[in-house]
Amino acid sequence: RELVNMVINDKETAKSAYAYGLAYCFENLTMSEDDKKREKLREMEVTQEQWEQFEKLTKSGTGQKGRPDPPELVEQRIKAFVQADGAAALRALVLNGGSSRVLESVSRTYCNMASIQSVRPQMFSQGAARALIHMATKGASSTSMEDNSTGKTEDDTMSSRRNREQQTKADEKTKKFAAHALAKMFITTDPNVIGHNQIMDSIAPMVRQVRHSQEDLVLFECCMALTNLATVNHETKRKIITCKGITAFEYASYSDDTLVRRAAVESMCNLCPEPEMVEWFKSRQHMRLWLLYSGAYEDDELTSSAATGALAGVCYDPEVAKCIQDQEEGTGIPTLVVLLMSGISPIIHRVAVCFLGLLEGLGADAKQILKENGIEKGIDSVLNSAKPIDPPAKSAVETLQKELAS
């Protein structure tokens, strides 16, 4: 507590010779010995199995286990640190001019703290968001790096280049940890109780991580946070789109990790029916991909539900409707008919809304086109099924049946 108060009350602490020592202590308090080891191996780009094999071959392992440091003890330390205004102390280190090493350590500490859901509201109240936005945007240094090699020897120039490379790495790490911490905080926090400027300033750093990060957990949590923020209002949707969010989510949707892929699809779903999102669906290639996501309900029901939800918001557009119709035989409208017969209420509801949109988007021949693709069989399968479906889904299918008969 005394150390925390010293950092908060004395602005010069952030620039002192021992500032990094304090930041490093705070960082170590908020992570376990196993976490430290995993982080070190990640930086070395070595897996746990590779490291164990290396120790066996070189006989460098001690064979002794470290002191037990279970997650429960780490959580207790984090809660005690936050209770002692630790998040405010970290904020002071950032905003009072801490060095690049200090900022990198602080960003890691914030990310560790944000892993504990119960302390996230206190982190917001202690001003963590402002410090994190600063680091996620500017990295470990707010000053631009210039090449002042004129008049220097070759050794000096090489040393300067190495320093710039190290600074760039520190900047990227700081931006990653800070954006990841923001994502963790925004996933579970009601955005309506957070300041508008904080929300808007947090979007670009998280979209950047979705575009550039190679870590599944970072991708997943940034997508989840942006999905949450997209529900706030039209302005947050526009901000995500202007930060190239659509292409970022598209990239993430190609992930082999199911959770990352699902989060990316849900993020795109929440951007519908913005004009840029509607335009994206007019691409034959994009629509083919989306129908694959929608049709995979047996393997991943939640992703299928999110994907059909997005389609429900854009099928009214004539060009989008035509794009669905023009897919390869058996992969366009027939895919939606199969989804209608899936027996899964949320998907049935969304697909019924898709067909209602297609009735509008396909124009005068819409009813005939849908009937030729088996829509009546799909409707009968739903309404005559022994398996009960939710009232909203049944009502949507009945509305679709009436529209086809009218």
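# Helix packing and buried residues

Reader: At roughly what angle do the axes of helix H11 (residues 196–212) and helix H13 (residues 234–242) cross?

Author: Helices (H or I, at least four residues) and strands (E, at least two) are DSSP runs, numbered from the N terminus. Axes are lines fitted to C-alpha atoms, for helices over the stretch in contact, and their angles run from 0 to 180 degrees between N-to-C directions. The axes of H11 and H13 come within 9 Å, and they cross at roughly 20 degrees.

Reader: What pLDDT do local features need in this model?

Author: Residues are numbered from 1 along each chain as its sequence is written, and side-chain values use heavy atoms, with hydrogens and water left out. The model is predicted, so totals for chains, interfaces and linings use all residues, side-chain atom pairs count only at pLDDT 80 or more, and local features need a pLDDT of at least 70.

Reader: Are H11 and H13 roughly parallel or roughly antiparallel?

Author: Angles under 35 degrees count as roughly parallel, over 145 as roughly antiparallel, 65 to 115 as roughly perpendicular and the rest as oblique. The crossing of H11 over H13 is right-handed, a label used when the near helix is turned clockwise from the far one by less than a right angle, whereas anticlockwise gives left-handed. By the angle, H11 and H13 are therefore roughly parallel.

Reader: How many residues in the contact of H11 with H13 are nonpolar?

Author: His 196, Ile 199, Met 200 and Ile 203 of H11 meet Glu 235, Thr 236, Lys 239 and Ile 240 of H13, where contact means heavy atoms within 4.5 Å. Ala, Val, Leu, Ile, Met, Phe, Trp, Tyr, Cys and Pro count as nonpolar, Asp, Glu, Lys and Arg as charged, and the others, Gly among them, as polar. On that basis the contact of H11 with H13 has 2 charged, 2 polar and, as nonpolar residues, 4.

Reader: How many residues of helix H14 (residues 245–253) are buried?

Author: Buried means under 20% relative accessible area, exposed over 50%, and partly exposed in between (1.4 Å probe, protein chains only). Gly 245, Ile 246, Ala 248, Phe 249, Glu 250, Ala 252 and Ser 253 are buried in H14, and what covers them includes H11, helix H12 (216–229), H13 and helix H15 (258–269). H14 is mostly covered: of its 9 residues, the number buried is 7.

Reader: Which handedness does the crossing of H12 and H15 have?

Author: H12 and H15 pack with their axes 8 Å apart, at an angle of about 25 degrees, and the two helices are therefore roughly parallel. The way H12 passes H15 is left-handed.

Reader: What omega does the peptide bond between Cys 272 and Pro 273 have?

Author: Pro 273 lies in the loop between H15 and helix H16, H16 covering residues 275–280. The bond joining Cys 272 to Pro 273 is cis, with an omega of about 0 degrees.

Reader: Is Lys 244 buried or exposed?

Author: Lys 244 sits in the loop between H13 and H14, and its phi is near 65 degrees, a positive value in a residue other than glycine. Because its relative accessibility is 55%, Lys 244 counts as exposed.

Reader: What relative accessibility does Asp 85 have?

Author: Asp 85 is in the loop between helix H5 (71–83) and helix H6 (86–95), and its phi is near 65 degrees, positive although the residue is not glycine. Asp 85 counts as partly exposed because its relative accessibility is 27%.

Reader: How far apart are the C-alpha atoms of Ala 310 and Arg 350?

Author: Ala 310 lies in helix H18 (residues 301–312) and counts as buried because its relative accessibility is 0%. Leaving aside neighbours within four places in sequence, Ala 310 is in contact with Cys 269, Cys 272, Phe 281 and Trp 290. Ala 310 and Arg 350 are 40 residues apart along the chain, and their C-alpha atoms are separated by 8.7 Å.

Reader: How many residues does the largest nonpolar core have?

Author: A nonpolar core is a set of buried Ala, Val, Leu, Ile, Met, Phe, Trp, Tyr and Cys residues joined through side-chain atoms within 4.5 Å. In the largest one, the residues with the most contacts inside it are Tyr 110, Phe 281, Trp 290 and Phe 355, and the number of residues is 123.

Reader: What percentage of the residues of the chain count as buried?

Author: The chain has 24 helices and 0 strands. Among contacts between residues at least 6 apart in sequence, 73% join residues at least 24 apart. Of the 406 residues of the chain, the share that counts as buried is 47%.
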